[in-house]
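Morning, everyone. Please bring the structure up on your screens. I'll talk you through two places in it.

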Amino acid sequence: MADSASRAEEQVLELELDDIQGTLLRLRPTPFTGAYFLLRIDDPADGRQMLARLVPLVASATQWWDPPHRAWLSVALSYSGLRALGVPQESLDSFPDAFREGMAARAEQLGDTGGSSPEHWDAPLGSADAHVAVSVFAPDATAMESLLETAREKLRDLPGVSVIYRLDASALPTKRTHLGFVDGIGEPDIEGSGVASLAQGMGGGDYGYLPGFGPTIKAGEFLLGYANEMGRLTPMPQPDVLSRNGTYVAFRKLHLRVAEYRRYLKDNASSPEEEELLAAKMVGRWPSGAPLVLAPEHDDPAIAADPHRVNDFTYHEQDPEGRRCPLGAHIRRMNPRDALADSLVDVKLHRALRRGTPYGPMLPEGELEDDGAERGIVFIFMGTDLVRQFEFLKSRWANDGDFVGLGNEKDPIVGSNDGTGTFTIPKRPVRRRLQQLPRFAVTKGGEYLFMPGIRALKWIAERGT
Ligand code: HEM
């Protein structure tokens, strides 16, 4: 039998786009309206019937710009969901440990402690009842409702399937996150995905990702069944038909403490301009998305609007000491690009696809008091190795500063800060160090999911028939 490495080499690099769920490879056009649902399966046969009926609604990567019902539906399954659907035990046993344990059990590794620990999560997030996750996005409310009505109709005579959770999450009127920044710019360029050419057809999207800015990453980092950055196939749950063209998803509901964030900036700055600069230093980009490496002094919306420039920067030569973009800034930690070139770390092994969707109403501009509303970001992270990608980023790069010589300083935006942390801004002749960083993002729940290819969804649906 050929070993994984030679099997990987034999592959022609052409992705099976019609089998891959579109959300994996494609950006959502904006504006959009959307929602995440969790379903519980009490009867495996009803669960499989539900899957069989939903599959025709799932937009593949080839259908992305002309999806069924003008809306994008994706399906992912938790470990308990695969079991509830009757996937054979030998298949279940072939999934990796972290996925089988589930996100709540990994709280320590993820920094989900204190107010972010699973005992404070919103039910049923992180519980064994969260079996199937369905996301639905549409360009407008009419298309959204039309798809939802079709889906409801398909579930009506299936009493063994219940919708146990819904979280509405749509683009904000500003097209930015609740912290005021454009998100979704830095994304890996995936070998064979065809994103570059297809992005031209996106129409409403803020950014198509174009090739050439940063290295292309092997498809096997994001899709099971293709060679990864080590020239091998990432271990595939068995049988192959179940895992090919699938990936893992870290789904997180992150509450953002916007009033606290604004107050912190105000308390540490002497003018609105300085507030904006401190906020940009923490993120590594200006609110428009312009990167500090290219625009160190002030925001430059022209760079942000130019897809050829917005990602066209590195750190090693352009900003080795972090005087433009601090070593501990969010984007520099989460994707150090070439900054670790002198170390043994291969940054390509720690990339993943991200989709962030805001939920909850905006806190009015300038408001510094918390209004008690729930608001934040549904954070989706997709890749073939949860431990080497998502958990590594959280534990080693977000919640530890050693890799950039910052001791135990944490990511200022997503780190598990507790009011005692610092954020260092290198500058000559003196550096600035912000103190007593509060936690701005609180975990409200989450789950590790498996997002199968479309053939695999059918394979699961046909078990037992
Ligand atoms: C509290 C929730 C979060 C907020 C508000 C947030 C915000 C942002 C913003 C504004 C950017 C810059 C835009 C861009 O480059 O796309 C960004 C980039 C990024 N974030 Fe986050 N983020 C959050 C959580 C996370 C988490 C939990 C991770 C990973 C575990 C992460 C990983 C990344 C990565 C990989 C990039 C792209 C860096 C690059 O390629 O240059 N983010 N984020």
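Helix α3, residues 44-54, and helix α16, residues 454-462, have axes that come within 8 Å of each other. This is a predicted model, by the way. For two packed helices, we quote the angle between the axes and the distance between them. Here the axes cross at roughly 145°. And the handedness? The crossing of α3 and α16 is left-handed.

Which residues make the contact? From α3, pick out R48, L51 and A52. From α16, pick out L457, I460 and A461. Now sort the residues of this contact by class. Five are nonpolar, one is charged, and no polar residue takes part.

How many residues surround the ligand? The count is 24. The closest are I185, G186, H330, R337 and R354. So much for the list; now some distances to oxygen atoms of the ligand.

Start with I185. One of its backbone N or O atoms lies 2.5 Å from a ligand oxygen. R354 uses its side chain instead: a polar atom there is 2.7 Å from an oxygen of the ligand. N335 also has a polar side-chain atom facing this count, at 2.9 Å from a ligand oxygen.

That's my tour. Questions, please.

Key
Residues numbered from 1 in each chain as written. Predicted model: local features only at pLDDT ≥ 70, side-chain atom pairs only at ≥ 80, totals over all residues. Heavy atoms only, no water. Axes fitted to C-alpha atoms, helices over the stretch in contact; angles between N-to-C directions. Helix = DSSP H or I, 4+ residues; strand = E, 2+ residues; numbered from the N terminus. Left-handed = near helix turned anticlockwise from the far one by under 90°. Contact = heavy atoms within 4.5 Å. Nonpolar A, V, L, I, M, F, W, Y, C, P; charged D, E, K, R; others polar. Near = heavy atom within 4 Å. Polar contact = N/O pair within 3.5 Å; in protein donor to acceptor, adjacent residues only side chain to side chain.
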